[in-house]
Amino acid sequence: MDLHLDAEDLNSCVQCGLCLPACPTFRVTGDESMSPRGRIQLMREVQDGDAPLTDEVLRSFETCVQCRACEPACPSSVPYGHLMERTRETLADGGHITPGWQRVAFKPLAHPQLLQIGSAALSVAQRAGLVPKRLGLSAEIPFRQEPLTASGTDVYLFTGCVMDAWQREVHAAGQRVLEAAGFGVTPTAELAPCCGALQAHAGLADDTRGLAATMMANLAPDRPILVDSAGCGAAMKDYGHLLGTAEAEAFSARVFDIQEWLADHLDKLPQARPLDLRVAVQDPCHLRHVQRVHGATRAVLAPFVRELVELDDDGMCCGAGGAYSVLEPELAGAIRDRKLGAIDRATPDLVASANPGCSMHLGAADVETAHPMELVDRALRQV
Amino acid sequence: MAGTAWSDRLRNLTGRRAGTTPVADPLVADLQQALSADRVHDSGVHRALMKKDASVFTGGVSGPLCYPETTEEVQAIMRIAERHDRAVVPRGAGTGLAGGAIPLGAPIVIAATRMNRIVDVDLDDRVAWVEPGVVNLDLTRHLQPLGFHFAPDPSSQQVCTIGGNVANNSGGPHCLAYGVTNAHVVALEVVLPSGEALMLGGLDAEPLGYDLRGAFVGSEGTLGFTTKVAVTITPNAPAVRTLLLSFDTIRDAANTVGAIIADGIVPAALEVMDQRITEAVENYVGAGYPTDAGAVLLAEVDGLADGIAIDADRIGEIGRAHGAIDVRQAATEEERALLWKGRKTAFGAIAQIAPDYYLHDTVVPRAKLADVLDEVYAIAERHDVLVMNVFHAGDGNLHPLLVFDARIEGKLDAVHAAGSEILAASVAAGGVLSGEHGIGVEKQAYMDQMFTDDDMDHQGRLRRAFDPVCRANPGKVLPMGHSCADIAALRSVPSEVWG
Ligand SMILES: Cc1cc2nc3c(=O)[nH]c(=O)nc-3n(C[C@H](O)[C@H](O)[C@H](O)COP(=O)(O)OP(=O)(O)OC[C@H]3O[C@@H](n4cnc5c(N)ncnc54)[C@H](O)[C@@H]3O)c2cc1C
Ligand code: SF4
Ligand code: SF4
C-alpha cells in the first residue's frame, strides 16, 4: 500500500539503531516493533514490500508517542516526524486508524465556546469525582476564568484551545512577564482558536491545514507570534512544511517559543530576588527534540530561582504525548515511571515544564509542576 | 530493578490485539506456555523486524521471537527448541555489522532486551554483575557517580548490549590502552543448547582448568546464550586531554600514529577519519572538525595531570614533524564530548551520502597502515565505489566503509568485489579479517583467506563440544562445510511469512 512517503526520506535510514535508546516506547518494552528503527522498517514493508496492514502493524504505528526524540539521536537526519505524520494521515484517510469517536473528540478544540462549555461540564464532573484518574487530569479544571486583555501590539501571545480553557493562568503569567520586559501583548484568543497539533498527530492533517489557514488569515502580518505551549509552537513552526506555501513559510518564521523569545531579550527583563527553590527542568519533547530551543528555558529561568537541576534521562519523554496518555494509558504510565525515577534522583522542590500536557500527566502522579513563565512571574511579583 | 517492576504492568501491551489470531503452531504454544503469551511473538511483523541487523545482509528469515526475563526461561526455550528440533539465535540490540544476529532458516530468536538489570556492583572487587541486555552506556552511566566505568566503548555504546559485546568481543576507541571486551569479562553464566546452565570463569584471578570463558567470548552466539556477565569495572582517570590534529593527507595521519606508538606513548585512543567522513560527521554534530583537511587524528591521553600534559605536548610535536597542519586541544569537557560524539556517530552519519554501507573491519600492522590505505582507495576507484575510512588507528584496525545505493543495479556486486580485494590486501600485509565486528555471515566466505581447512576443523570441534548439533546460531562464523554436517534444525522459509 502506498503510504505516500518520500522514497528518499524512507531510504535515509541505515538501520544503525543509534536512535533506539532515545525512544520511550522501546525503552519500556525492549520490543523492536516499538522502536523508531522498527517503525521505519514497517513503513518500508508496507510501502515497498506491500505487506498487509495487520493489527500488529497498526499497533506499532499507533503506539509511537510522536515525541521525535529519535530525530536528534539520528546521525543521518532521518525526518521521522514527517514520516510518521504522513503515515498516519494516509491510514486515517483510509479509515484504518483514528476511529470516528476520536475525530468527534477533536472537533471542539477548534471551537472555543464549545470547549468552554465542555470544560465547565468536566470541571463539575471532576469536582463530583466522576472523572476517571486515568484521564490524567490532575489540577482542577477551572469552572470560569478571567479573560485576558490586550496591552499592545508588539507581539501576539498564542492562547490556543485546551490550554486556554484549563490553564489560562499560565498565559496570564506569560503576558505579565512579557509586559515587564516592555512588550505590548495581544492575546490571540478567538483569532487563533487552535493550532491543530493533536489533529496532525492523529493523521487528520486536513483539519490542521484548515486551522492553519484560519490563523494565518486572522493574524496581522509581520508581528512575532509567541507560544507558551511547546506542542503548539512546534506545530505552528511546521506550517511551512504542512502547507508548502511561501506564505506559510513566512508565518512559521514568525513563531517563537516564549522562552526562546525572552532568551533573546534577557537584558530587558527586570532583576528580581530569585525564588528560594531547587527547580528541575523537564523539557517537553517538542521543545527539545523538535524546536530544539530548550537551552532558552534554562537561560530565562536561571536568574529567577535559587538552583536549576537537570534530569539525568537525556530529555526522555514523560509519556504525555498530547492525547497519548488517554489513548495508551498503560504505556504512558510505564514511560512516566521512568521520568518519576529521574525526578526522584534530582531531588527538586518543583519541576518546571513548558507544556500543559506534560504538567497534567506529571501532576496526575503527584509531581508538583509549574510553567517556567509562572516561576519568572512569581519572582518578578514576589508573591 | 526496573525490569521486574514493569513486567507485570507491561503485560499485553505489545500484543494486545494479537489475541484474536489463534496460535496454530505447537512450537509457539509451548514457548508461550513456558514464558507468557505476550513475550512470545510469531506475527509477520515481529518476524519481519528480526530479519536484519545493522549489516547489509538481507537473507534473514525469522521464526518465533521470545523475550525471556530469567535464566530459567532461557533454559526452557532451549529445551523446547531441542524438542521441536529448531535452531535458536541470540539477539541483543541488533547493531552487529557482520550479520551475527540475523536468523537463517526460521530459528527461534531469543532477544536479551528484557534481561536488562544491573544485578550487583562490587566496588571492593571491582566487578559488576549484569544481565546480557544491559546497554553498554547505561552501565557506564550507572558507574560514573561511583568513580568507575566499563572500559570497552564501541561507537555504538549508547545502544549495543553487554551480551552482544561479549559475543563479538567488541572493541572501541578506548580499547587501545584498556583492551577489548575479553579483557574485562571475568565470568559468564551461559545456557547451552541442551538447556544446561553453566558458570564459566570466576572471580578468582587464576581459575583452575581450561579457560572456557575465553572460548565463549567472541563466539558470536554459536555456543549458547549468555544470561549473566561479571565484568571488571575501571576507575575513571583523574585527568584527560583530547587533541585534534589535521593533516593534508591520510598518509601523514597514519604515519603520525605509528610514530606516536614508537615513541613509547600509550594513548587512551587514536582515531583517524578521512575527509569525506569528517564532512558528514561535522554536518551532524558541528563540533568544529575541519572539513578541508585530508584527514584528522583524534588522540586522547589519560592519567595523572602532569604526565599527560607532557604526553599531549609530545603528540603535538610528533604530529607537526609528520605534516600536521593544525593541532588543537579540547578546552572544555563539552568540546571533548562533542568531538567524541562526532567520531562515534560516524557510521550512522553516512546516510547523508548514500543509503547503504558495507563496512569492513580488518587489522593490519601499524607500519603498513599508510600503504594499505593507499591500496584501499585504489581498489575502490577501480570498482567505481565510494570508500571512506574511519578507524581505530592505534590498533591498526581499519574500517573501510564502502558507501553505495543498493537500488543501482550491479552496485552490490561491485561492493562485494572491492571488499574481497580489500580483505586480500589486508591479509597479504600480514593482517587479519576482523578486528572487532565478528565474522557472522558477512565475512564467512573469507575465512579461507585466513585459516587452513585444518584450523577450521579444530574450531568446528570446539564448537560441537558446546553444541553438538549446531543448534545455536547455525550458519554463522564457520563456513558450512566446517561447522556442522547436518543442520537439520534449519528450516525452509515458512509459507506464510506475514502470518
Ligand atoms: C554505528 C555503529 C558503530 C559501531 N561501532 C563499533 C565499534 O566501535 N566497535 C565494535 O566492536 N563494534 C562496533 N559496532 C558493531 C556492534 O555494535 C557490536 O558488535 C556490538 O557489540 C553488538 O551488540 P548488539 O547488542 O547490538 O548485538 P547483536 O547485533 O544483537 O548481536 C551480535 C552477536 O551477538 C550474539 N549475541 C547477542 N546477545 C547474545 C547473548 N546474550 N548470548 C549469546 N550471544 C549473543 C548474536 O547472536 C550475534 O551473533 C558498531 C555498530 C554500529 C551500528
Ligand atoms: S532512524 Fe537514524 S538512528 Fe535510527 S536506525 Fe535509522 S539511521 Fe539509525
Ligand atoms: S517519535 Fe518518540 S515514540 Fe515515536 S519512534 Fe521516535 S522516539 Fe519512539
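Is Arg292(A) buried, partly exposed or exposed? In this predicted model, Arg292(A) is partly exposed, because its relative accessibility is 46%, where buried means under 20% relative accessible area, exposed over 50% and partly exposed in between (1.4 Å probe, protein chains only). The model is predicted, with local features needing pLDDT of at least 70 and side-chain atom pairs pLDDT 80 or more, while totals for chains, interfaces and linings use all residues. Residues are numbered from 1 along each chain as its sequence is written, chains are lettered from A and ligands numbered from 1 in the order in which they are written, and side-chain values use heavy atoms, without hydrogens and water.

Most residues other than glycine have a negative phi. Arg292(A), however, has a positive phi near 55 degrees; this residue lies in the loop between α17 (285-291) and α18 (294-301) of chain A. Helices (H or I, at least four residues) and strands (E, at least two) are DSSP runs, numbered from the N terminus. Ala106(B), also not a glycine, has a positive phi of about 55 degrees and is placed in the loop between β3 (88-91) and β4 (108-111) of chain B. Ala106(B) counts as buried, because its relative accessibility is 2%.

In chain A, helix α12 (residues 205-218) contains Ala213(A), which is partly exposed at a relative accessible area of 40%. Between Ala213(A) and Leu243(A) there are 8.8 Å in space, C-alpha to C-alpha, and the two are 30 residues apart in sequence.
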